[in-house]
Amino acid sequence: MSSIPESTQIGHHVTIEDHVTVGENVVIGHNSVILEGTKIDNNVMIGCNCVLGIKPAINQRMRKTSNTTELVIKAGTRIGHLVSIYAGTQVGEEVFIGDHASIRENTIVGDKTVIGRAAIVELNTQIGDSCTIQTMAYITGDTIIENNVFVGPCVSMSNDKYMGARSYSLKGPFIKNGAKIGNNASLLPGVNIGNNTIVGAGSVVTKHLENGVIAVGIPAKKIDLSEES
């Protein structure tokens, strides 16, 4: 059985499986599915047609993930419509997740972070507090994003240096505190983006960038704005 308080507002045709825990004053929109092992804290709002607590499926070519039993959604989080979130993930307090977003297993999303409309966050990723991941950004698996990071619309990241042609330990970018990644930028596997560094729109980052620089171009290179003025 699941624990559903009287204060829960449940829309039409909602499915809540066994062993789901729901806090006080939770809203669940029409046609949403809450799968076994999901834990929803107080004052969470879930839109229509969401699926929460998905167990990952694989085939012989895909890597296996560790046992993923629970999805935890902490207090005050807002989840839009048509969102899918996998088991084994933890979503922090007062997070906002836009319509059509997808968050895979073994992921951590920090408090007060925004995951934009149709953004995709792949497995084994850590996103810190007060980050902004904007519309249609693609956060590859095995990525680390620290606190107060901005990732612009349609940014793309990769974690496989050889695109499956040879063995490689998958590793996404490491984006440090306060960094800002402009629209449509591409980050290659394993690159480090330093604290408060800015990557210009459309840039392709192929190498590590140090703290506090501005980098633009293909490949991205550090620029000095004082020289241009």
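Predicted model: local features only at pLDDT ≥ 70, side-chain atom pairs only at ≥ 80, totals over all residues.

Entry one. I started with aspartate 99, which is partly exposed at 23% relative accessibility. Aspartate 99 makes a salt bridge with arginine 117, and the closest N and O atoms are 3.1 Å apart. Aspartate 99 sits in the loop between β13 and β14, and arginine 117 in the loop between β16 and β17, so the pair ties together parts that are 18 residues apart in sequence. I also checked arginine 117, and at 43% it counts as partly exposed.

Entry two. I counted salt bridges and got five in the structure. Which residues does arginine 104 pair with? One is glutamate 105, at 2.7 Å from N to O. Another is glutamate 122, at 3.3 Å. Shared partners join Arg104, Glu105 and Glu122 into one network. Arginine 104 has 17% relative accessibility, under the 20% cut-off, so I wrote it down as buried. Glutamate 122 is buried too, at 16%, and glutamate 105 is also buried.

I moved on to threonine 8, in the segment before β1. Threonine 8 is buried at 12%, and its side chain reaches the backbone oxygen of proline 5 at 3.0 Å. Beyond its sequence neighbours within four places, threonine 8 touches Val22, Gly23, Val26 and Ile28.

Last, I looked at methionine 157 in strand β23. Methionine 157 is buried, with 3% relative accessible area. Its contacts beyond four places in sequence include Tyr138, Val151, Pro173 and Leu187.

Technical notes: Residues numbered from 1 in each chain as written. Heavy atoms only, no water. Helix = DSSP H or I, 4+ residues; strand = E, 2+ residues; numbered from the N terminus. Buried < 20%, exposed > 50% of the residue type's maximum accessible area, 1.4 Å probe, protein only. Polar contact = N/O pair within 3.5 Å; in protein donor to acceptor, adjacent residues only side chain to side chain. Contact = heavy atoms within 4.5 Å. Salt bridge = Lys/Arg side-chain N within 4 Å of Asp/Glu carboxyl O.
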